[in-house]
Amino acid sequence: MDYLLQLAADPAAWVALVTLVAMEVVLGIDNLIFISILTNKLPEQYRSKARRIGISLALIMRLALLGTIAIIVRLTAPIFEVFGQAFSWRDLILIAGGLFLVWKATTEIHHNVDPRTHAEDVKDSKVTIGFTAAIVQILLLDIVFSIDSIITAVGMTEHIPIMVIAVIAAVTCMLLAADPLARFIEANPTVVMLALGFLIMIGMTLIAEGFGAHVPKGYVYAAMGFSTAIEGLNMLVRRRRAAGAGH
């Protein structure tokens, strides 16, 4: 208790907490886009439930990983070399997660461009399989983002309570934003393609990080923000034209 009181009275701890919460929220955007796109493919009555389960699993996983933080930190230690390039378990996880994201986003783009190759079956037996598959895929990506998030957090603060509060705050924001974001993506087909493009970019960034090429996150999110702003202008233009045509 004394430790927590000392931490609460330390201004540096509050600065670290605010910075870490902001970072966790930003990193959670990647995960949230993937969850929104994936759950929108389920029948409507299952979508919100799948999002809540997926995001809740992310919270449980990150808190569990914080309990094994000594092991997580050791994941950055090299385990083998290829042509002079050292690889750690973290690198392998990032590469696998990046490849999964690129594959999934590319597949979804193909399904959107040529919907004839993706006939949906909404029978109950198929719905159960689809729901389970969605949760498994969300869980797989949660593992990648959670490990990366925890390792980044360790580099910012050594206080476990600050990490726990930051994770809970970020996941709470994800829970609140999940349904509105998913509805917005579903209502705007061009946004779906933009979001899938983001996932490919994020996947390639994870692969690059896994091979030791550091990609500043600021550049990635600046590109995403710029693209989103342009798409917002395009949506505004389309709505103005549709309103003008209706008169």
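Which residues does threonine 205 touch, not counting residues up to four places away in sequence? The legends below take up this contact and several others in a predicted model.

**View 1. Threonine 205 in helix α8.**
Threonine 205 touches Val215 and Val220, once residues up to four places away in sequence are set aside. Helix α8 covers residues 189-210, and threonine 205 sits within that span. The relative accessibility of threonine 205 is 9%, so the residue counts as buried. The cut-off for buried is under 20% relative accessible area.

**View 2. The whole chain, for orientation.**
The chain holds nine helices and two strands. Read along the sequence, the pattern is α-α-α-α-β-β-α-α-α-α-α. The chain has 247 residues, and buried residues make up 40% of them. Among contacts with a separation of 6 or more, 81% are between residues 24 or more positions apart.

**View 3. Isoleucine 202, also placed in helix α8.**
Isoleucine 202 is buried, because its relative accessible area is 5%. Leaving aside neighbours within four places in sequence, isoleucine 202 is in contact with Asp30, Leu101, Phe145 and Met224. Tyrosine 221 lies 19 residues from isoleucine 202 along the chain. Their C-alpha atoms are separated by 9.6 Å.

**View 4. Aspartate 30 in helix α2.**
This view picks up one of the partners of isoleucine 202, Asp30. Is aspartate 30 buried or exposed? Its relative accessibility is 5%, so aspartate 30 counts as buried. With neighbours within four places in sequence left aside, the contacts of aspartate 30 are Phe145, Leu199, Ile202, Tyr221 and Met224. Phe145 and Met224 are also listed as contacts of isoleucine 202. Glycine 203 is 173 residues from aspartate 30 in sequence. In space, the two are 9.8 Å apart, C-alpha to C-alpha.

**View 5. Helix α2 against helix α7.**
Helices α2 and α7 pack at an angle of about 35°. Their axes are 7 Å apart. The crossing of α2 and α7 is right-handed. By class, this contact has 23 nonpolar, three polar and one charged residues.

**View 6. Helix α2 against helix α3.**
Helix α2 spans residues 11-39 and packs on α3 at an angle of about 145°. The axes of α2 and α3 are 10 Å apart. The two helices cross in a right-handed sense. From α2, the contact is made by Glu24, Asn31, Leu32, Ile35 and Thr39. From α3, the residues are Arg47, Ala50, Arg51, Ile55 and Arg62. By class, the contact of α2 with α3 has four nonpolar, two polar and four charged residues.

**View 7. Helix α3 against helix α7.**
Helix α3 (residues 44-67) meets helix α7 (residues 160-187) at an angle of about 165°. Their axes are 10 Å apart. Why are α3 and α7 described as roughly antiparallel? Angles over 145 degrees count as roughly antiparallel. The angle between α3 and α7 is about 165°, and the pair is therefore roughly antiparallel. The crossing of α3 and α7 is right-handed. On the α3 side, the contact is made by Arg47, Ser48, Arg51, Arg52, Ile55, Leu59, Arg62, Leu63 and Leu66. On the α7 side, the contributors include Ile160, Met163, Val164, Val167, Ile168 and Val171. Met174, Leu175, Ala178, Asp179, Ala182 and Glu186 of α7 also take part. By class, the contact of α3 with α7 has 14 nonpolar, one polar and six charged residues.

**View 8. Arginine 47 in helix α3.**
Arginine 47 belongs to the α3 side of the contact with α2. A polar atom of the arginine 47 side chain lies 3.2 Å from the backbone oxygen of asparagine 40.

**View 9. Isoleucine 150 in helix α6.**
Helix α6 runs over residues 124-154 and includes isoleucine 150. At 1% relative accessibility, isoleucine 150 counts as buried. Its contacts, neighbours within four places in sequence aside, are Arg62, Leu65, Leu66, Ile69 and Ile72. Leucine 65 is 85 residues from isoleucine 150 along the chain. The C-alpha atoms of this pair are separated by 7.5 Å.

How values were computed: Residues numbered from 1 in each chain as written. Predicted model: local features only at pLDDT ≥ 70, side-chain atom pairs only at ≥ 80, totals over all residues. Heavy atoms only, no water. Axes fitted to C-alpha atoms, helices over the stretch in contact; angles between N-to-C directions. Helix = DSSP H or I, 4+ residues; strand = E, 2+ residues; numbered from the N terminus. Parallel < 35°, antiparallel > 145°, perpendicular 65-115°, else oblique. Left-handed = near helix turned anticlockwise from the far one by under 90°. Contact = heavy atoms within 4.5 Å. Nonpolar A, V, L, I, M, F, W, Y, C, P; charged D, E, K, R; others polar. Buried < 20%, exposed > 50% of the residue type's maximum accessible area, 1.4 Å probe, protein only. Polar contact = N/O pair within 3.5 Å; in protein donor to acceptor, adjacent residues only side chain to side chain.
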